[in-house]
Structures are given as structure tokens and as C-alpha cells.
Amino acid sequence: MSPPEGLQARVAARLSALREARLSRTLRAPRGIDLCSNDYLGLSQHPLLKARMIDAASREGCGSTGSRLLRGERECFSQLEQRFAAFKATERSLYFSSGYLANIAVLTTFPEAGDVIFSDECNHASLIDGIRLSPAKRVIFPHRDADALARLIVENRGEGQAFIVTESLFSMEGDCAPLTDYAAICRATGASLVVDEAHAVGVCGARGTGLIEAAGIGRDVFVSVNTAGKALGTSGAFVAGPSWAVEFLVQRARPFIFSTAPPPAVAAAIEAAMTLVASEPERRHRLSELSQTLRSCLADRGLQVAPGTSQIVPIVLGDNERAIAVADALQTIGFDVRAIRPPSVPPGTSRLRVAVNVGLTEATLERFAEALAEAVRKTSRCSAVFS
Ligand SMILES: Cc1ncc(COP(=O)(O)O)c(C=O)c1O
């Protein structure tokens with residue numbers, strides 16, 4: 001068999017194994033009521049963002065034409081970065097074309113051989129991949145377990161630098177890291193705290209800057225990663241931190257250096273999103289109210305909801321088949337929710353990741369909770385998801 005045919009056969013076998021394990025995905029455009037996107041504040045469709053983006057595109061063109069260190073640099077990027085740094089109360093920030101790349105950049109630029117990275121077991125794939133690419137030793141700690149983390153640091157700490165890596169609001173669990181405890185561990189051990197604020201920025205904290213602000217631990221954080229593709233309704237991500245760290249990223253971070261800069265018009269849309277986060281706090285307050293409503297509606301119907309108050313509400317169903325069946329049933333009646341399966345979540349914990357956004361109403365959430373309870377009941381082999 002010639003190599004290409006051999007490769008094709010191997011890929012066909014892999015695809016078939018995915019289908020058999022009910023792990024095969026389909027690309028499905030949005031259809032129905034949005035209960036799964038990360039557009040928590042509804043900004044992706046906001047007229048101000050659209051107008052600013054269109055205006056900037058007519059001025060700046062569509063593409064940036066090069067990497068930031070070559071002809072892709074624009075004043076709008078550095079202005080936006082200054083504004084974002086002020087927003088996060090850090091010295092400086094650097095804008096990347098995606099959160100995935102920003103995490104890879106942080107974790108492949110700072111940790112060196114001889115260092116140790118301590119990573120929450122539920123961290124996002126972009127953090128996991130960054131850690132895998134780094135030459136540092138990695139130690140996984142149990143989800144949100146500050147005591148276990150402190151013990152592991154004592155057991156595994158070598159001569160090198162220690163890094164603690166965590167999401168602040170977890171993307172698949174909807175719960176929050178004990179940031180205050182981690183900050184204390186960092187003060188006691190000299191470890192550097194890296195916080196991925198992907199799902200918290202724009203949503204949490206009095207000014208909507210994230211959970212670092214809410215926990216009041218800004219001084220104890222080394223760098224944070226803040227995506228713009230979720231609550232900020234656009235795309236890309238900012239690494240925010242001290243000037244010396246950001247300067248090192250500019251000089252050394254390969255995802256920054258070896259990639260075309262994002263379209264400049266996106267910067268204009270992000271500016272608009274930041275203006276709205278500052279001037280319309282009622283958006284995040286409404287999100288919090290609606291999240292509470294959904295959580296109560298589900299609990300009222302006997303569905304087990306992970307503790308928490310956030311807009312991310314996971315309904316853990318267990319096996320892949322069941323998660324797909326429940327998602328299909330809900331999609332058929334007009335609710336856009338998706339089954340989340342491994343490797344996005346650990347095997348045996350397939351789930352619906354319900355995400356609330358401010359475009360929803362209490363009445364819709366009631367209807368959805370009813371339909372979800374019904375769909376879960378119909379696929380029930382055991383009552384594990386009912387409390
Ligand atoms: C916690 C977390 N970090 C990083 C990312 C990656 O961000 P982006 O989608 O901008 O690449 C995601 C995206 O889902 C995420 O959930």
C-alpha cells in the first residue's frame with residue numbers, strides 16, 4: 001500500500017472509531033435560541049461594535065498585512081493595549097489573535113527547564129497544550145483544591161520557578177478558582193500565578209474586569225489572559241501584566257512573533273465593547289439575575305446543578321450517547337444547546353454546557369428548564385442527574 005493510501009486508511013479507521021464511541025462532531029451553524037454561545041453580554045450583535053468595526057475597516061482595510069513586529073503594527077493596537085492594561089489595573093497588555101495563542105505564548109515563553117508548572121485538572125485545552133509545549137515539569141492538582149496544591153508545591157518544588165496555572169471561572173464547570181488562597185500560596189512560596197479570565201472578563205467584578213478584581217488579588221497575579229471572543233463579543237485575547245513580562249512576550253513569544261496581526265478593525269470593535277462594559281454595568285447584573293433564574297428553574301425540576309452562581313451551567317449526563325440524545329431533543333424544539341464530550345471534558349462526564357446570555361428572558365428559561373427536565377427523564381437509565 002502506498003503511503004497516502006495507508007494514511008487514508010488509518011484516518012478512516014480513526015474516524016470510524018470516533019463515530020462508534022459517539023465522539024464524532026458535526027459542524028452546525030447557529031439555529032434556535034442561543035443557550036450555548038459565549039456571547040454572554042450580547043455584544044457580538046451590538047450596533048456600536050458593528051458601526052465602529054465597519055468604520056475602521058473602511059479606514060484601515062481588511063487585513064493587517066504582516067506580523068506586529070513587521071508591517072502589521074498599527075496605532076490602534078497599542079492604544080487598545082494601553083486601555084486594556086488600565087482596565088485590568090496592570091502596567092501593560094499585549095493583544096493576541098486568539099486566547100488559544102495567548103495561552104500558548106505565556107506558557108512557552110516564561111517557564112524554562114527546571115521550573116515546575118502546577119495546573120488545575122480542569123484547565124482548558126489551550127492551557128494544557130501550552131504546558132505540554134513548555135520544557136518545565138508539570139504537576140496536575142485536583143480541581144480548585146488549594147490544600148492539595150500547597151502540598152504538591154512542597155513535594156515538587158525544585159530550584160526553579162514555580163507557576164500556578166488556573167482558569168478563574170471554569171469554562172466547562174461554571175465554578176470559580178479559590179484565587180485568594182492561591183494568592184496566599186504564591187506569597188508564601190514565591191510561585192507565579194497565571195490566571196485565564198476567558199469567561200470572567202466583562203462579566204465578573206464591580207467594573208467587569210474579571211475575578212481577579214472581585215478577589216482583590218491583582219498584586220499577586222503574574223499575568224492574566226483575557227479573551228475578547230466571549231463576553232466582549234469580538235475576538236482575540238490580551239495578556240495583562242507587568243511591563244517587563246509583556247516586553248519579554250513581544251521579544252520572545254512565538255505565537256505573537258510568527259503570526260499575522262489581527263485585522264485592525266477588530267481593535268475598534270473591542271474598544272466599543274470596553275466602553276459598553278464600563279457604561280452599562282446593568283448588562284452583567286442582568287446576566288447574573290438570569291443565571292440565578294436558570295439555576296433555580298432547573299433545581300425546582302429536580303435537576304442536579306453544580307453549585308455556583310455563574311452564567312455557565314453544566315448538566316452532567318455521563319455517557320456520550322445520552323448527552324447527544326438530550327441535546328438533539330432540545331435542538332429539535334428550538335433550543336440551541338450542544339453536547340460537550342471528551343476531550344473537552346473527562347470521560348464519563350459528558351454534559352450539556354448551558355450558557356446564559358442577556359438576550360434571554362425568564363419565560364424562555366422556564367420553558368427551557370421544563371424541556372430539559374423532560375428530555376433528561378426520557379433518556380434516563382438511572383436518576384443520577386435528578387437530586
Ligand atoms: C478558558 C479558556 N481559555 C482560552 C480559550 C481560548 O480562547 P479563544 O477562543 O479566543 O482562542 C477558551 C476558549 O474556549 C477558554 O474557554
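Select Ser93 to begin, and show what surrounds it: leaving out residues up to four places away in sequence, Ser93 touches Glu81, Phe84, Ala85, Phe238, Val239, Ala240 and Val246, where contact means heavy atoms within 4.5 Å. The model on your screen is a predicted one, in which local features need pLDDT of at least 70 and side-chain atom pairs count only at pLDDT 80 or more, while totals for chains, interfaces and linings use all residues. Residues are numbered from 1 along each chain as its sequence is written, and side-chain values use heavy atoms, with hydrogens and water left out.

Ser93 belongs to strand β2 (residues 92-96); helices (H or I, at least four residues) and strands (E, at least two) are DSSP runs, numbered from the N terminus. Ser93 counts as buried because its relative accessibility is 2%, the cut-offs being under 20% relative accessible area for buried, over 50% for exposed, and partly exposed in between (1.4 Å probe, protein chains only). Now display the side chain of Ser93, and you will find one of its polar atoms 2.8 Å from the backbone oxygen of Glu81. A polar contact is a pair of N or O atoms within 3.5 Å; within protein, one must be able to donate a hydrogen and the other to accept it, and residues adjacent in sequence count only if both atoms are side-chain atoms.

Select Thr227, which is in strand β7 (residues 221-227), and which counts as buried because its relative accessibility is 8%. A polar atom of the Thr227 side chain lies 3.3 Å from the backbone oxygen of Ala198. If residues up to four places away in sequence are not counted, Thr227 touches Gly99, Ala198, Val201, Leu232, Gly236 and Ala237.

Which residue lies 128 residues from Thr227 along the chain, with the two C-alpha atoms separated by 5.3 Å? That residue is Gly99, which has its place in helix α4 and is buried, with a relative accessible area of 13%. Gly99 in turn touches Val225, Thr227, Gly236 and Ala237, again not counting residues up to four places away in sequence.

**Next: the ligand**

Select the ligand and the residues that surround it, of which there are 13, the closest being Gly99, Tyr100, Asp196, His199 and Lys230; a residue is near a molecule or strand if one of its heavy atoms lies within 4 Å of it. Helix α4 (residues 99-109) gives the largest share of this shell, with three residues. The shell divides into two nonpolar, eight polar and three charged residues, where Ala, Val, Leu, Ile, Met, Phe, Trp, Tyr, Cys and Pro count as nonpolar, Asp, Glu, Lys and Arg as charged, and the others, Gly among them, as polar.

Show the side chains here, and look for a polar atom of Asp196 that lies 2.6 Å from a nitrogen atom of the ligand. A polar side-chain atom of His199 lies 2.7 Å from an oxygen atom of the ligand, and a polar side-chain atom of Lys230 lies 2.9 Å from an oxygen atom of the ligand. The protein covers 80% of the 390 Å² of accessible area that the ligand has on its own, as given by the Shrake-Rupley method with a 1.4 Å probe; for residues, only the protein chains shown count as cover.

**Next: the nonpolar cores**

In soluble globular proteins, nonpolar side chains tend to be buried together. Select Ile164, Leu352 and Leu372, which touch the most other members of the largest nonpolar core, a set of 86 residues. Such a core is a set of buried Ala, Val, Leu, Ile, Met, Phe, Trp, Tyr and Cys residues joined through side-chain atoms within 4.5 Å. Helix α11 (residues 264-279) gives the most to this core, with nine residues. A second, separate core has 26 residues, among them Ala102, Ile117, Val194 and Ala245.

Select Pro342 and Pro343, which are joined by a cis peptide bond with omega of about 10°; Pro343 is in the loop between β11 (339-340) and β12 (350-355). Move to Thr65, in the loop between α2 (47-60) and α3 (75-87), where phi is positive, about 75°, although Thr65 is not a glycine. Is Thr65 buried or exposed? Thr65 counts as exposed, because its relative accessibility is 61%.
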